[in-house]
Amino acid sequence: MAKSRKKSSKQKNTLADVDLTKRLDSDRYEAELDKQQTKLRQIQQAYLGSGQSAVIVMEGWDAAGKGGTIRRMSAVLDPRGFKVWPIAAPRHYHLERHYLLRFWERLPPKGAIAVFDRSWYGRVLVERVEGFASASEWGRAFDEINDFERLLTDDRMRVLKFFLHISPEEQLERFEARLRDPMKRWKLSYEDFRNRKKWDEYEDATNEMLDRTSTKRAPWHVIAANDKKWARIQILKTITTELARGMDLDPAPLDEKVEEAAAALFESYKDLIDSTAGRSD
């Protein structure tokens, strides 16, 4: 299996730039995870009443840790304002229509956050490498995707994009671990092994994707993911930093009618509110 290639003079961002030796010890991980999950809850509360929305794109090698990172988000967020979309091969209805349609249909409403586990970038990755899209189709997709994301950001939707990078050796160890664990075997598919045989082709496709679709409005964040703890925290920190930008994270005041009803029902209403300030369930 080939190593990552050196960066070409024309490329702004390549997998070869990623330091895969990054590590995070368990104590620091647990403390930082609690901090970032708390902030995620504050952000969701702020978004619900703001009209702001966000899309988080998760791409990366098979077994790079996308699912584990997403679970650390969904564990603390209310599903009424948070949705995860696992993206697989399109079925008949969408095969007969523009490839971006099924993503338009899944965009979050105002006040909500959506995560795409795989995304519209399949057109320039798996569809390109495996021949599911012609050269003209995936070739024009770079501009189509940039235009698509520009429309989203113009509409006040924040777009965050992550690519989780691991080494071929680390991927092989994770495949083996999944084979050994009956509760994790479901994560493996034939496509995982098929894709591994074309590592170099996927690497070239990924580098071109990073170069041509990382924009000021929606830049790519390439994450060293050989250490799952390091990767999760880096992603969560980036998400909370970017989604909190320009937002008031203080809890919104109670609606006047709710406040009147509560005051009529609880004699010690004011003391009750003061004692629970900053808490949420």
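**Salt bridges, ring pairs and charge in a predicted model**

A search of the whole structure, which is a predicted model, finds 18 salt bridges.

Student: Which parts of the chain does the salt bridge between Glu-59 and Arg-118 tie together, and how many residues apart are they in sequence?

Tutor: The side chains of Glu-59 and Arg-118 meet in a salt bridge, at 3.4 Å from N to O. Glu-59 lies in strand S1 (residues 53-60), while Arg-118 lies in the loop between S3 and H5, so the pair ties together parts of the chain whose separation in sequence is 59 residues.

Student: Is Glu-59 buried or exposed?

Tutor: Buried means under 20% relative accessible area. The relative accessible area of Glu-59 is 2%, and therefore Glu-59 is buried.

Student: In which helix do Glu-170 and Arg-174 both lie?

Tutor: The side chains of these two residues, Glu-170 and Arg-174, meet in a salt bridge of 2.8 Å, N to O. Glu-170 counts as buried at 17% relative accessibility, and Arg-174 is buried as well, with a relative accessible area of 6%. The two are 4 residues apart, about one turn of the helix, and the helix in which both lie is H7 (residues 168-180).

Student: What separates Glu-208 and Arg-212 in helix H9?

Tutor: Glu-208 and Arg-212 also meet through their side chains in a salt bridge, with 3.0 Å from N to O. Glu-208 is partly exposed, with a relative accessible area of 22%, and Arg-212 counts as partly exposed at 36% relative accessibility. Because they are 4 residues apart in helix H9 (residues 199-213), what separates them is about one helical turn.

Student: How many aromatic pairs does a search of the whole structure find?

Tutor: The search covers the whole structure, and the number of aromatic pairs that it finds is 11.

Student: What kind of pair do the rings of Trp-120 and Phe-148 form?

Tutor: The pair links distant parts of the chain, 28 residues apart, with Trp-120 in the loop between strand S3 (113-117) and helix H5 (126-129), and Phe-148 in helix H6 (residues 135-154). Trp-120 is buried at a relative accessible area of 1%, and Phe-148 counts as buried at 2% relative accessibility. Planes over 60 degrees apart count as edge-to-face. The ring centres of Trp-120 and Phe-148 are 5.0 Å apart and their planes stand at 80°, so the pair is edge-to-face.

Student: Which residues do ring pairs link into a cluster?

Tutor: The residues already discussed, Trp-120, Phe-148, Tyr-121 and Trp-220, are among them.

Student: Which residues gather in a patch of negative charge on the surface?

Tutor: One of them is Glu-30, which is found in helix H1 (residues 26-48) and counts as partly exposed at 47% relative accessibility. The residues that gather in this patch are Asp-25, Asp-27, Glu-30 and Asp-34.

Definitions and conventions:
Residues are numbered from 1 along each chain as its sequence is written. This is a predicted model: local features need pLDDT of at least 70, side-chain atom pairs count only at pLDDT 80 or more; totals for chains, interfaces and linings use all residues. Side-chain values use heavy atoms; hydrogens and water are left out. Patches are made of residues with over 30% relative accessible area and no salt bridge: like charges are joined within 9 Å, nonpolar side chains (Val, Leu, Ile, Met, Phe, Trp, Tyr) within 5 Å. Accessible areas come from the Shrake-Rupley method with a 1.4 Å probe; for residues, only the protein chains shown count as cover. A salt bridge is a side-chain nitrogen of Lys or Arg within 4 Å of a carboxyl oxygen of Asp or Glu. Lys and Arg count as positive and Asp and Glu as negative; His and the chain ends are not counted. The place of a charge is taken as NZ of Lys, CZ of Arg, CG of Asp or CD of Glu. Buried means under 20% relative accessible area, exposed over 50%, partly exposed in between (1.4 Å probe, protein chains only). Rings of Phe, Tyr and Trp (its six-membered ring) pair if their centres lie within 6.5 Å; planes under 30 degrees apart count as stacked, over 60 as edge-to-face and the rest as tilted.
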